[in-house]
Amino acid sequence: MKLNIAVLAGDGIGPEVTAEAVKVLKTVAKHGGHEFTFTDALIGGVAITAEGTPLPQKTIDVALAADAVLLGAVGDNKFNALTPDKRPEAGLLAIRQHLGGFANLRPCLAFNALSENSPLRPEVTKNVDILFVRELLGGLYFGKPRAWNKETGEAHNTMVYTKPEVERCAHIGFQLAQKRRGKLTQVDKANVLECSQLWRATVDEIAPQYPDVKVEHQLVDSMAIHLMNRPRDFDVVLTENLFGDILSDESGVITGSLGMLPSATIGGKVNLYEPVHGSAPDIAGQGKANPLGAILTAAMVLRHSGNLEEEALAIEKAVNEVLAAGHRTGDIAGQGKSANVTTSEMGDLVNTALVSALNRSESLHAV
């Protein structure tokens with residue numbers, strides 16, 4: 001397998017956590033005889049400082065020439081005085097538009113070793129494994145007209161969806177459900193919103209093409225409740241942009257930390273992969289950042305751009321093994337407890353566990 005991966009480490013803790021993700025990808029390549037190449041490029045605040053823009057053309061070119069884009073984090077408070085279109089975050093929005101991904105995948109994996117970090121009871125979060133499929137390019141965030149008239153005190157946004165937009169995202173949701181546990185939950189507000197009625201009707205129309213997938217519908221308000229009291233009931237959760245944004249962030253309560261959540265944006269020219277956490281400039285360069293979100297994002301690179309499911313599972317199992325052994329960065333140490341490893345030490349521990357897992361797998365194949 002050959003993969004050309006563009007690495008956009010970005011700002012704050014981005015370079016630190018991305019370095020650990022690249023480390024595990026190199027380990028997978030070495031053990032599997034794969035050829036992974038990594039090309040660095042600038043985005044965000046570091047790009048503003050070096051090039052005067054949050055997304056230089058050379059970064060766009062590197063990303064579009066890659067098989068996958070691995071992004072760290074974007075954002076730096078020292079640029080807050082700039083207009084929104086000039087700030088680091090504008091680079092993130094722009095790269096998403098250039099790559100064209102329309103389906104955002106957000107896994108929610110409950111690691112049993114971190115159950116005490118969640119305010120939910122361990123028996124509620126145990127073995128939770130949800131994959132949110134969020135439509136990313138439509139809906140209320142992009143619909144027009146939109147305006148805020150400060151003189152009249154009025155503001156309005158417009159939610160717009162077309163059937164083809166819903167169809168392409170729904171097909172991805174169904175296909176992923178086929179590879180998982182065969183259940184898809186579509187979330188909407190069909191009792192009051194016409195856009196939601198379109199989503200529900202379109203999913204029902206497509207469903208017969210996937211007879212091995214069980215389909216259910218949930219209203220978003222009830223889904224928000226069910227996600228907190230019976231999360232194990234859900235497998236793939238498909239929804240539109242706004243609802244997906246809110247529900248997938250809510251799922252951080254299950255994992256106990258946003259620093260554990262990876263993501264992938266697929267369906268466009270090149271898939272974009274990034275951990276959910278932000279740039280955390282207050283702890284940048286101090287070895288305090290949790291690299292596990294980035295490392296789990298690396299597993300998604302292998303799964304969705306490399307079709308290397310076994311290797312992706314090996315990374316996830318290595319993370320679980322390291323957590324079960326009690327290793328913690330500050331954000332996942334638990335209330336009143338301190339970190340016992342640095343960013344790079346956590347990455348090294350996962351890498352060591354990964355090597356052992358890959359060696360075991362090779363031994364089993366040899367038998």
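I began with strand E4 (residues 103-109), where 6 of the 7 residues are buried, buried being under 20% relative accessible area, exposed over 50% and partly exposed in between, with a 1.4 Å probe and protein chains only. I took helices (H or I, at least four residues) and strands (E, at least two) as DSSP runs, numbered from the N terminus. This is a predicted model, in which local features need pLDDT of at least 70 and side-chain atom pairs count only at pLDDT 80 or more, while totals for chains, interfaces and linings use all residues. Residues are numbered from 1 along each chain as its sequence is written, and side-chain values use heavy atoms, with hydrogens and water left out.

Next I looked up the partners of E4, counting two strands as paired if DSSP finds at least two bridges between them. I found 7 bridges to strand E5 (residues 129-135), running antiparallel to E4, with Pro107 bridged to Leu131 of E5. Strand E11 (residues 264-266) is also antiparallel to E4 and is joined to it by 3 bridges, and here Ala103 has Ile266 as its bridge partner.

I then turned to strand E8 (residues 183-188), of which 6 of 6 residues are buried. Lys183, Thr185 and Val187 point one way and Leu184, Gln186 and Asp188 the other, and I noted that all are buried. E8 runs parallel to strand E9 (residues 214-219), with 6 bridges between them, and Val187 is bridged to Gln218 of E9. Parallel to E8 there is also strand E10 (residues 236-239), joined by 4 bridges, in which Leu238 is the bridge partner of Gln186.

I traced the chain through E8, helix H7 (residues 194-206) and E9 and recorded a right-handed β-α-β unit; right-handed means that, with the strands pointing away from the viewer, the path from the first strand over the helix to the second runs clockwise.

Last, I asked where Arg328 sits, and placed it in the loop between helix H12 (309-324) and helix H13 (343-366). Arg328 is buried yet has no salt bridge, the nearest side chain of opposite charge being Glu116 at 5.7 Å; a salt bridge needs a side-chain nitrogen of Lys or Arg within 4 Å of a carboxyl oxygen of Asp or Glu. The Arg328 side chain does reach the backbone oxygen of Ile332, at 3.5 Å. Leaving aside residues up to four places away in sequence, I listed what Arg328 touches, including Ala113, Leu114, Leu323, Asn340 and Met346, with contact meaning heavy atoms within 4.5 Å.

Note on methods
Lys, Arg positive; Asp, Glu negative; His and termini not counted. Polar contact = N/O pair within 3.5 Å; in protein donor to acceptor, adjacent residues only side chain to side chain.
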